[in-house]
Amino acid sequence: MEPDWANLEACPLSLILDKLEEKIDHLWFSAVCKNWQLIAKLNHQNHEFKINTIPMLIVPTESLQQAAASFTEKNGLFGISNKRLYPFQFQLGLIKPKLRICGSSHGWLALADDSKSIIILMNPFKDIPHIILPPINRVYKITLSADPTESPNDYVVAAIYGNNGGDLAFIRRGQKSWTYIDILEPSFIDVIFYKGLLFALSIHREIVSINICVSNDLLHNKRINPNVILPEKVDEGFLQDKFLVKSLNEELWMVRRCTLSKKIYHVYKLKLDAKSEKLEDIYKLKSLGDNILFLGKGDSIAVSASYFSKSLERDSIYFDDYLKIYNMKTGKSRCHSPYGSYTFWILPHFQWD
C-alpha cells in the first residue's frame, strides 16, 4: 500500500519542519495539501520566528548589468543553509519595475525612484498595500524602526541620502515631510534604531545619537541637531566599511574593517549610559559568542550560532557582497556566491493565511 502522506500525524510532520531551516521550505511544505498547510501554520505561530530565521539573499537571475541599475521582478532568493536558489517573483502589484533597491528592513524592501526622488516601501512576501514616502533626493540606505505590518501606526523611517551621500533624515508614520539632521560635515554610512534612539556612524570617527521623538507636522524641511556626538576612541585606522548591529543580548555592536590589514574586521561592543546617552566605553571583542552576524547594504542582523550549528559557521560574519564569510578566529574570509555585489539580505516573512 502507498503511504497516506496527506494524513500523517502532526508530531512527525512537526519533526520534519524542524529540520527545514529555511522558512521558504516551510512554505513549500505547506503547499503539499491542506493538512500540511495547517501544521505549518501552527508551527509558525508557536515558535519564536524572528530569532530562529536565517536571512536570505535577494539575487538577480538576469544580467548583473541590468540588476545594478534597477529592480526587476526576475529575482531569486538564495538560501544560506542549503546553498540553494529559489525562484521567487515579488508581489509588485502596480509598481513599475526597474526601481532601485535601497534598503531591506524587518522583511520590507525600500525601492527608490530616482527620477521622482520618492521611496516606495513594499513587503515582497505579503499581499498588502505599498507605502509611498515623501520625496527625498538620492537615497542610499533606508531602515525602519519596526515592521509596519505589526506597528502600522507607530514606526519611523530613517534615510541616508544626498547627491554625495552621507546626509541623514527621518520621518514618522503619517508625517508629510522629513526631519533633517543638521551637522557640519554629514558623512553617515550606517544607521540603526536602538532603545528608542537613532544611532548613526560617520566616516569622521563619530557616532551620533538622535532623539526621534520630535514632530515636524507644523514645519516643512525642519532641521535638528544630534543630541550627542560620541567620539569612537578607536586608535587604529579604518576604511569606510562600518556597520552597526544589535546583538542577541540587545547590546549595540560596531563592526569595522581595518586599513592596516584590509582583510581584517574588528567587532566592538559599545557601552552607553542610559540616562545621558553618552558613550562610556568601547570593548573590542575576541569572539562573537553565540552571535553570527549578517552585514550588508540593508539592516544588519544577528542570529544564534547554537541554533544553526549544522549550517552556519560559529564566530563568523556573513556579508551580502559575493556572500563573503569572515571568520573571527582565523581572520580569514572567502566568497561563496557567483551573484556579485548586487545582493541584499532580507528576513523572509511569508504569509501563512
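Modeller: The secondary structure of the chain comes to four helices and 26 strands. Both are DSSP runs numbered from the N terminus: helices are H or I with at least four residues, strands are E with at least two. This is a predicted model, in which local features need pLDDT of at least 70 and side-chain atom pairs count only at pLDDT 80 or more, while totals for chains, interfaces and linings use all residues. Residues are numbered from 1 along each chain as its sequence is written, and side-chain values use heavy atoms, leaving out hydrogens and water.

Of the 353 residues in the chain, 52% count as buried. Buried means under 20% relative accessible area, exposed means over 50%, and partly exposed lies in between (1.4 Å probe, protein chains only). Next come contacts, meaning heavy atoms within 4.5 Å. Among contacts with a separation of 6 or more, 51% join residues 24 or more positions apart.

Start with an open sheet. Its four strands run in the order E4-E5-E6-E7, with antiparallel pairing. Strand E4 (100-105) and strand E7 (131-133) are at the edges with a single partner strand each, so one side of each has no neighbour in the sheet. Neighbouring strands here are turned by 25 degrees against each other on average, direction ignored. For such angles, axes are lines fitted to C-alpha atoms, for helices over the stretch in contact, and values run from 0 to 180 degrees between N-to-C directions. Two strands pair if DSSP finds at least two bridges between them. Strand E6 (residues 118-122) and E7 have three antiparallel bridges. There, Leu 121 stands opposite Ile 131.

Now look at Lys 141. It sits in strand E8 (residues 139-144). Is Lys 141 buried or exposed? Lys 141 is buried, at 7% relative accessible area. Its side chain makes a polar contact of 2.4 Å with that of Asp 190. A polar contact is a pair of N or O atoms within 3.5 Å; within protein, one must be able to donate a hydrogen and the other to accept it, and residues adjacent in sequence count only if both atoms are side-chain atoms. Leaving aside neighbours within four places in sequence, Lys 141 touches several residues, including Cys 102, Ile 160 and Lys 297.

Cys 102 is itself buried, at 1% relative accessible area. Cys 335, at 52%, counts as exposed. A disulfide needs a pair of cysteine sulfur atoms within 2.5 Å. By that rule there are zero disulfides.

Move on to strand E19 (residues 265-272). It pairs with strand E18 (residues 252-258) in the antiparallel sense, over six bridges. Met 254 has Tyr 268 of E19 as its bridge partner. E19 also pairs with strand E20 (residues 279-285), again antiparallel and over six bridges. Here Leu 270 stands opposite Ile 282 in E20.

Last, the rings. The whole structure holds eight aromatic pairs. Tyr 265 and Tyr 326 form an edge-to-face pair, 5.3 Å centre to centre with 65 degrees between the planes. Tyr 265 lies in E19 and Tyr 326 in strand E24 (residues 324-327), so the pair ties together parts 61 residues apart in sequence. Rings of Phe, Tyr and Trp (its six-membered ring) pair if their centres lie within 6.5 Å; planes under 30 degrees apart are stacked, over 60 edge-to-face, the rest tilted. Tyr 265 is buried at 4% relative accessibility, and Tyr 326 is buried at 2%.
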